[in-house]
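A plain account in a few paragraphs will do.

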Amino acid sequence: MALTIFRGIRTCPLMLCPSAYFARKHGVFYCTMKSTDSQTATQERQQSAQLKGSPKIQSKTIDKLLKDYEAIIGIETHVQLNTLTKAFCSCPYSYGAQPNTSICPVCMGLPGALPVLNSKVVEFAVKVGLALNCKLSLDSKFDRKQYFYPDLPKGYQISQFDIPIASGGFVDVDLPVEFGGGHRRFGITRVHMEEDAGKLLHTGNRSYSQVDLNRAGVPLLEIVSEPDMRTGIEAAEYAAELQRLVRYLGVSNGNMQEGSLRCDVNISIRPIGQQKFGTKVEIKNLNSFSSVGRAIDFEISRQVLLHSQGQDDQIVQETRLWDEGAQKTITMRKKEGLSDYRYFPEPDLPGVSISKEYVDRIRDSLPELPEMKRRRYEEMGLSMQDILFLTNDVNVTEFFDATISGGADIKLAANWIMGDIAAYMKNEKLTINEIKLTPQELVELIASIKNGTISGKIGKEVLFELMAKGGTVKGMVKEKNLVQIVDPVEIEKMVDKVIADNPKQLEQYRSGKTKIQGFFAGQVMKESKGKANPKLLNQILLKKLNAKN
């Protein structure tokens, strides 16, 4: 078994008998593998599979050809669950930890080590299944998926094959306004539980790779969509909606950069009107939603160009990688079929049985999900652009809900959050949970501006102070004497002074250059240190400027 698993691992020439070479550096366990000559053959196959001409060069031709073809897109999404321990052992997992420091005989696949199912994995799977409107299997099981890869220590992956825990669901998505808007519903084929593999750490010159098994055994949910998407935008928004959903549920952080959410896209094309699907190509190495869209657009163009040139036989069932630097897909390997995996029931784990009462308890505990929030905000009268911004981040939407629950005007609260607060967070690289402003103080700030206690200009200064240092609106207004000046006599004195100090500008105004009124208003505001009531100021100023004397 061990010889089968570690076949191809570099052997040490100094030893009398060939054996796997394992190095220990700084107390950390490493497994090092040497590349074989097969890599050269793979590279040659990759080069021969590339198009001679880039689709970008022939963009005008492609645009015409695309009108005659339809893309069929489905996505397999792997969601890493944020359980305290791995799926089948008690090892914790922490992203970025030193290699091979969170492993045990179970996740290393050592002989005699038996897996024990983490109950939280089942709970999270049921949550996601319900949130995706799926039918749940009250009795499901685990299966062994057989394949060899250096980061798979057991030589198989514990997964689910013919009886997934959830199937036959759907997810609703609202497309961004800048991409035409509209509502879409995409089918969900299945949701099943499985374990993750380890990770290969490649060297700079790629002469050998090292295996980190920290990730081996980490629980995953694989969410398989129906082939309902037709464009890169639809696919990217579908993936983004899944990220929002798992974050709202609290089952995963959904960070693509950390590999907590990984998307494998399946694409085929067919002439418009044809019912039969074309040859499916899988794309991996998609680390952002924008790369999902760009990779799909490139692959559609590549396949359409081959079809139009009568070379559709060159579109083979394979796995391709997205090269972010070159902005194109490249061949990785021939795609395996289901028969290649030789699935059979996992003999070391019992079946998974859940009761209707268990499911109902979880259903009752579900939070308000993104789609529900969007519809609720729509009923409040917010625009779709506002809605998509506010619901994109679960923490932002909770902040917004807490603000309007405190009595703040809905549109004003949305504008403050989407405007000055969002700009501050972007500049300071902070999340809304990391700023010092609370929803209660935003309510107080909006009310203070609305009732005339402080001006909008002063309100912005107070806002930035609260986000940076915290405190209360009332305390800050009192401490810095920021109360708005609403006494007409006091404002009139300031207006008279500004007009007297600027005779040249007054002459220009009275000769017809009325836009210069803004200059006078600015000078009065400066004189009042931003505290003059703007409405009252403009009334008095206009009267004075238009006076004959």
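A helix here is a DSSP run of H or I with at least four residues, and helices are numbered from the N terminus. A residue belongs to the lining of a pocket if it has an atom within 4 Å of one of the pocket's grid points. The model is predicted.

Rolling a probe the size of a water molecule over the atoms shows where empty space is left. The second largest pocket has a volume of about 420 Å³. It is lined by 16 residues, and those closest to its centre are Phe-389, Asn-392, Asp-393, Val-396 and Met-425. Four helices each supply at least two residues of this lining: H5 (232–249), H10 (384–392), H11 (394–405) and H12 (410–428). The most comes from H5, which gives 4 residues. By class, the lining of the second largest pocket holds 8 nonpolar, 4 polar and 4 charged residues.

H12 also takes part in a helix packing. Two packed helices are described by the angle between their axes and the distance between the axes. For H12 and H14 (residues 456–469), the axes come within 11 Å and cross at roughly 55 degrees. Angles of 65 to 115 degrees would count as roughly perpendicular and those under 35 as roughly parallel, so H12 and H14 are oblique to each other. Their crossing is right-handed. On the H12 side the contact is made by Trp-416, Asp-420, Ile-421 and Tyr-424, and on the H14 side by Gly-459, Lys-460, Leu-463, Phe-464, Met-467 and Ala-468. This contact of H12 with H14 has 7 nonpolar, 1 polar and 2 charged residues.

Notes:
Residues are numbered from 1 along each chain as its sequence is written. This is a predicted model: local features need pLDDT of at least 70, side-chain atom pairs count only at pLDDT 80 or more; totals for chains, interfaces and linings use all residues. Side-chain values use heavy atoms; hydrogens and water are left out. On a 1 Å grid over the protein atoms alone, a cavity is a set of points where a 1.4 Å probe fits but cannot get out, and a pocket is an open set with protein on both sides within 12 Å along at least five of seven lines; lining residues have an atom within 4 Å of a point. Grid points are joined across faces, edges and corners, and a volume is the space filled by probe spheres set on the points. Ala, Val, Leu, Ile, Met, Phe, Trp, Tyr, Cys and Pro count as nonpolar, Asp, Glu, Lys and Arg as charged, and the others, Gly among them, as polar. Axes are lines fitted to C-alpha atoms, for helices over the stretch in contact, and angles run from 0 to 180 degrees between N-to-C directions. Angles under 35 degrees count as roughly parallel, over 145 as roughly antiparallel, 65 to 115 as roughly perpendicular and the rest as oblique. A crossing is left-handed if the near helix is turned anticlockwise from the far one by less than a right angle, and right-handed if clockwise. Contact means heavy atoms within 4.5 Å.
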